[in-house]
Structures are given as structure tokens and as C-alpha cells.
Amino acid sequence: MLGIVRSHGGFVTVDSQIGKGTTFSVFLPATAEGEVCEISNDIVLPPERNGELILVVDDEAPICEATQRTLEAHGYRAMTAGDGTEAITLIARHGDQVKVVLTDLVMPYMDGPALVRALKRMTPEVAIIASTGQEHSKNLNELKSIGVTEILIKPYTAEILLSALHRSLNSELSGARTGP
């Protein structure tokens, strides 16, 4: 989380008192004076799905849980893994059912690019969406070169996630229809 906050020009403070608890305060910069953010009222969500299985890989449990709830609320099934090695184990067991893997790039034990390379060897047909809190990551070009077409910059909205999934699943389906 700290990396995401810093990448957006913010900072975190911690206040801890014995017997009273700990408070984390997250500070993000406001928009520049006079700058107007436009909010569209006509966001169109992709249609709800038919129970496709999505594997969410992130070392931050709250992100896995929130993403899983979002996916399940929109008609997907979801499994979570806390790191790349756990994801490999789940793919070995359920690879024929997993349609999309959504993976963080920065994780312990096995980072996102290493996981993507392993997944491409194990299940080349699975669609992969990468997510990162670092917009200028050196891994982005590498990921594109090994076939990752969707890269989400954290924090992202449910709408952005669902749109990326919709594109990934539709390109997988159209590829299946037009394949040899």
C-alpha cells in the first residue's frame, strides 16, 4: 500500500499508543487549484458474466478480498493466491478452469513477471492481467513483450477492472473462434 501512496505523491503517518491502538493516516495530494475533475455519469459496465473462474494474485490480503467480492458480485467465480508460488499451485490444480489471472507485479518469492512467464508455459491459453502501483515500472515493457495486453495501475476502480476482464475474455473467445 505504501508504494501505491508514494507513487501518487502521497505519504502515510502512523500514531501508536500502548493500550489505545494504532492509527494510520493516508495523505494524497488534492487536485491543483483551478483544476477540474470531470466525472462521467454514463459509465457503462460490461454485462455480468456466467461464472468464469478468475485467479487473483496479490500479496496484500485486503486487495485479494475486495477484488474477489467485486468479481463475485458481477457473476464471476474467484480464487485468490498470496504470491506467485501459491498461484502456480492453484493453476496446477485448476488450470483448465481458470480463464483469467489478475496478478500484482511486486510480490515476495515470485514476482509478477516471473509468474507470467511460468503461466505462459503451463497454460498458454489463459488470459493475464497485470496490476501495479508503480506506473513507470520497468516490467511493463517486458510484460507486453510476453503477451500481457492489460495492465492496471493501482488504485483502479471496479469499472476499470471489469472492463479489462471483459476485453480479456472477449479476446480469448474471439481467438478461440478464429484459431486453426
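Mentor: Let us begin with L115, bearing in mind that the model is predicted; leaving aside neighbours within four places in sequence, L115 is in contact with V57, G84, A87, I88, T103, M107 and M110.

Trainee: What makes these residues count as being in contact with L115?

Mentor: Contact requires heavy atoms within 4.5 Å, and V57, G84, A87, I88, T103, M107 and M110 are the residues listed for L115 once neighbours up to four places away are set aside. L115 is also among the residues with the most contacts inside the largest nonpolar core, which has 22 residues. Elements giving two or more residues to this core include strand 3 (53–57), helix 3 (84–94) and helix 4.

Trainee: Why is I129 called buried?

Mentor: Buried means under 20% relative accessible area, and I129 has 0% relative accessibility, so I129 counts as buried. I129 lies in strand 6 and is included, with L71, Y76 and A164, in a second, separate core of 16 residues. Apart from residues up to four places away in sequence, I129 touches V100, V101, L102, T103, E150, L152, A164, L165 and S168.

Trainee: How do you know that D58 and K154 form a salt bridge?

Mentor: The cut-off is 4 Å between a side-chain nitrogen of Lys or Arg and a carboxyl oxygen of Asp or Glu; for D58 and K154 the N to O distance is 2.7 Å, and the pair therefore meets the criterion.

Trainee: What makes D58, D104 and K154 a network?

Mentor: K154 also forms a salt bridge with D104, where the closest N and O atoms are 3.3 Å apart, so that D58, D104 and K154 are linked through salt bridges. The relative accessible area is 3% for D58 and 6% for D104, while K154 has 5% relative accessibility; with the limit for buried set at under 20%, D58 is buried, D104 is buried and K154 is buried.

Definitions and conventions. Residues numbered from 1 in each chain as written. Predicted model: local features only at pLDDT ≥ 70, side-chain atom pairs only at ≥ 80, totals over all residues. Heavy atoms only, no water. Core = buried A, V, L, I, M, F, W, Y, C linked by side-chain atoms within 4.5 Å. Buried < 20%, exposed > 50% of the residue type's maximum accessible area, 1.4 Å probe, protein only. Helix = DSSP H or I, 4+ residues; strand = E, 2+ residues; numbered from the N terminus.
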